[in-house]
Amino acid sequence: MATIVGSVMTSHVPAIGRAIAKDLQADAYWKPFFDGYPPVQQWLARVKPDVAVVFYQDHGLNFFLDAMPTFAVGAAAEYVNADEGWGIPTVKPFRGDAPLSWHIIETLIADEFDVTTCQRMKVDHALTLPMTLMWPGGGDWPVRIVPITMNHVQHPLPSPKRSYALGESVGRALESWDEDVRVVVLGTGGLSHQLDGTRAGFINKPFDLMCMDALVDDPRKLTTYSALDIVREAGAQGTELMAWIAARATLGGRVTKLHSNYHVPISNTAAGLLALQNHGARIAKAA
Ligand code: DHB
Ligand code: FE
């Protein structure tokens, strides 16, 4: 069985890519944001995951409004990044783990999630920037990836409850995988932000901090909100919180908080970071 070492949830604002390209990490604006990541990078260097499963939203690079899957799972040997319009430098391709992707897809379909399967899939800033924050330097990626996109773009959106169930199913898939690999699960996006309309610039710090607390010890609390409740509480793009909920739900053991950071604003966004360690599993490991 795979070992899920933990989960890291982080914002994925495109401006992060520009700040890295211009080497602005120590700049007064960026320092409180980038200072959050070294403890997580050091933990990853210690636990050395083989695979990163990444829950995120595709922002129009691979899918657009004309054809928008609610949930899609990559099942490719390689994933290529391209510029979807933000003008940030592209990163090296990611190695996939197609056998593990197919096992996750089979588990999800058996659990009645009718996911879209993608044997060719481009990955956007919502995957590349969190990966760069976890493993900076722009060299070869030390992990294979399984990308899982969730629709947070076009209503109707899946609910927090459904997002949680998706994560649980992926967690069961990982625990029943017969290869002895170590997996970290990333959830990207959020926290509260709204990019357009009359509430552009909307931030809700009390709601964000409540969510970050609940994700540690009581994640099911967040499944009582509807998708529209999340829009109201966290802004139209704050619905990316559901990627955090899915990532958290993969963890089947005892969960402890490794590290967190919260800083407002980064671009239009309340930037959050939460790293959780997973001790044990739903299924006891055979001796
Ligand atoms: C911003 C945030 C996002 O989540 C995104 O996908 C694009 C832009 C922002 O705050 O600028
Ligand atoms: Fe986004």
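Helices here (H or I, at least four residues) and strands (E, at least two) are DSSP runs, numbered from the N terminus. With that in hand, P156 sits in the loop between β8 (144–150) and α6. This is a predicted model, where local features need pLDDT of at least 70 and side-chain atom pairs count only at pLDDT 80 or more, while totals for chains, interfaces and linings use all residues. Residues are numbered from 1 along each chain as its sequence is written, chains are lettered from A and ligands numbered from 1 in the order in which they are written, and side-chain values use heavy atoms, with hydrogens and water left out.

- H12 counts as buried, at 4% relative accessibility. E240 is buried too, at 3%. For the cut-offs, buried means under 20% relative accessible area, exposed over 50%, and partly exposed in between (1.4 Å probe, protein chains only).

**Helix against helix**

- Two packed helices are described by the angle between their axes and the distance between the axes. The axes are lines fitted to C-alpha atoms, for helices over the stretch in contact, and angles run from 0 to 180 degrees between N-to-C directions.
- Take α4 (residues 98–110) and α6 (residues 160–175): their axes come within 9 Å and cross at roughly 125 degrees. That makes α4 oblique to α6. Angles under 35 degrees count as roughly parallel, over 145 as roughly antiparallel, 65 to 115 as roughly perpendicular and the rest as oblique.
- The α4 and α6 crossing is right-handed. A crossing gets that label if the near helix is turned clockwise from the far one by less than a right angle, and is left-handed if anticlockwise.
- On the α4 side, L100, H103, I104, T107 and L108 meet L166, S169, V170, A173 and L174 of α6. Sorted by class, that contact has seven nonpolar, three polar and no charged residues. Contact means heavy atoms within 4.5 Å. As for classes, Ala, Val, Leu, Ile, Met, Phe, Trp, Tyr, Cys and Pro count as nonpolar, Asp, Glu, Lys and Arg as charged, and the others, Gly among them, as polar.
- Helix α7 (residues 205–217) and α9 have axes that come within 10 Å and cross at roughly 15 degrees. That makes α7 roughly parallel to α9.
- The crossing of α7 and α9 is right-handed. F207, C211, M212, L215 and V216 from α7 meet L241, W244, I245 and R248 from α9. By class, this contact has eight nonpolar, no polar and one charged residues.

**Buried spots**

- In α8, the buried residues include A227, D229, I230, V231 and A234. Among the elements covering the buried residues of α8 are α6, α7 and α9.
- A52 belongs to strand β2 (residues 51–56). A52 is buried, at 0% relative accessibility.
- Leaving out residues up to four places away in sequence, A52 touches M131, W135, V143, R144, I145, V146 and V184. From A52 to P14, 38 residues apart along the chain, the C-alpha atoms are separated by 20 Å.

- Going from H155 to P156, the peptide bond is cis, with omega near 5 degrees.
- The peptide bond from V264 to P265 is also cis, with omega near -10 degrees, and P265 is in strand β10 (residues 254–266).
- E112 is not a glycine but has a positive phi of about 70 degrees. E112 falls in the loop between α4 and β6 (116–118) and is exposed, with a relative accessible area of 61%.
- S267, likewise a residue other than glycine, has a positive phi near 55 degrees. S267 lies in the loop between β10 and β11 (269–279) and counts as partly exposed, at 36% relative accessibility.
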